[in-house]
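I opened this structure with a notebook beside me and wrote down each thing as I looked it up. Here are the entries.

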Amino acid sequence: MIWETPNETFGQPNREEQIVQAGTRRFQMPKSSTGFKVKAVFVSVAVIIALILYSYFIPDTIRTRITDAQLTKVDGYFMIATEDRPLVNHDAKYRFKFDSGNIQNEAIRMKGKEVRIRKYGWRIPLFSMYENVVSLKQIE
């Protein structure tokens, strides 16, 4: 066994030279690359979270026909049924949306007509989650 000392200059091969002579190479990773990998993982996770939040909070527009809308609330929400999917209409204080009653009245008036609906959120039946209506416009 060869004892390694920091000042080993007496002609004996150091540990790296012994490994190369044995036919295997061992590369040490620089210390900065480990930090880079950690940063890359954090940035990737942050981007994925940002995309998920973007898909939930940014409004989307659909073109459909309203099949049913009532002025009574179901589970505390106004419901609007369309050809494609059910939607809810409720106030969202963080979006400064306080006119759900007016939007529901427009939906009742536009029943059976083709409309452009601006909505946000996800439809997840398992959690009874519906997309929330932001605005309605009748298509001429």
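**Strand pairing.** I started with β2 (77-82) and β3 (86-89), which pair in the antiparallel sense over 4 bridges. Two strands count as paired if DSSP finds at least two bridges between them. Helices (H or I, at least four residues) and strands (E, at least two) are DSSP runs, numbered from the N terminus. β2 and β3 form a hairpin with 3 residues between them. Across this pair, Met79 stands opposite Val88, and Ile80 has Leu87 as its bridge partner.

A note on the source: this is a predicted model, where local features need pLDDT of at least 70 and side-chain atom pairs count only at pLDDT 80 or more, while totals for chains, interfaces and linings use all residues. Residues are numbered from 1 along each chain as its sequence is written, and side-chain values use heavy atoms, with hydrogens and water left out.

**Other neighbours.** Next I checked β1 (60-74), which pairs with β2 in the antiparallel sense over 5 bridges. There, Ala69 stands opposite Ile80. I then followed β3 to β5 (131-138); β3 and β5 pair in the parallel sense over 2 bridges, with Val88 opposite Asn132.

**Two faces of β2.** I sorted the residues of β2 by face. Phe78, Ile80 and Thr82 make up the covered face, and Tyr77, Met79 and Ala81 the uncovered one.

**The helix.** Which residues of α3 are buried? In α3 (residues 100-109), I found Ser100, Ile103, Gln104 and Ala107. Buried means under 20% relative accessible area, exposed over 50%, and partly exposed in between (1.4 Å probe, protein chains only). Seen down the axis of α3, these buried residues fall within an arc of 100°, so they line one face of the helix. The arc is that of the directions from the helix axis to the C-beta atoms. I also jotted down the general rule: an α-helix has 3.6 residues a turn, so residues three or four places apart point the same way. The face of α3 turned away from the buried side carries the exposed Asn102 and Arg109.

What covers the buried residues of α3? The cover includes β1, β2, β3 and β5.

**Ala107.** Ala107 counts as buried because its relative accessibility is 0%. Not counting residues up to four places away in sequence, Ala107 touches Ile66, Ala69, Ile80 and Leu136; contact means heavy atoms within 4.5 Å. Ala107 and Asp68 are 39 residues apart along the chain, and their C-alpha atoms are separated by 8.3 Å.

Asp75 is in the loop between β1 and β2, a hairpin with 2 residues between the strands. Its phi is near 55°, a positive value in a residue other than glycine. Asp75 counts as exposed because its relative accessibility is 74%. Ser128, in the loop between β4 (114-120) and β5, also has a positive phi, about 55°, although it is not a glycine. At 53% relative accessibility, Ser128 counts as exposed.

**Pocket.** Last, I looked at what lines the largest pocket. Its lining includes Asp75 and Ser128, and also Met79 and Val88.

Key:
On a 1 Å grid over the protein atoms alone, a cavity is a set of points where a 1.4 Å probe fits but cannot get out, and a pocket is an open set with protein on both sides within 12 Å along at least five of seven lines; lining residues have an atom within 4 Å of a point.
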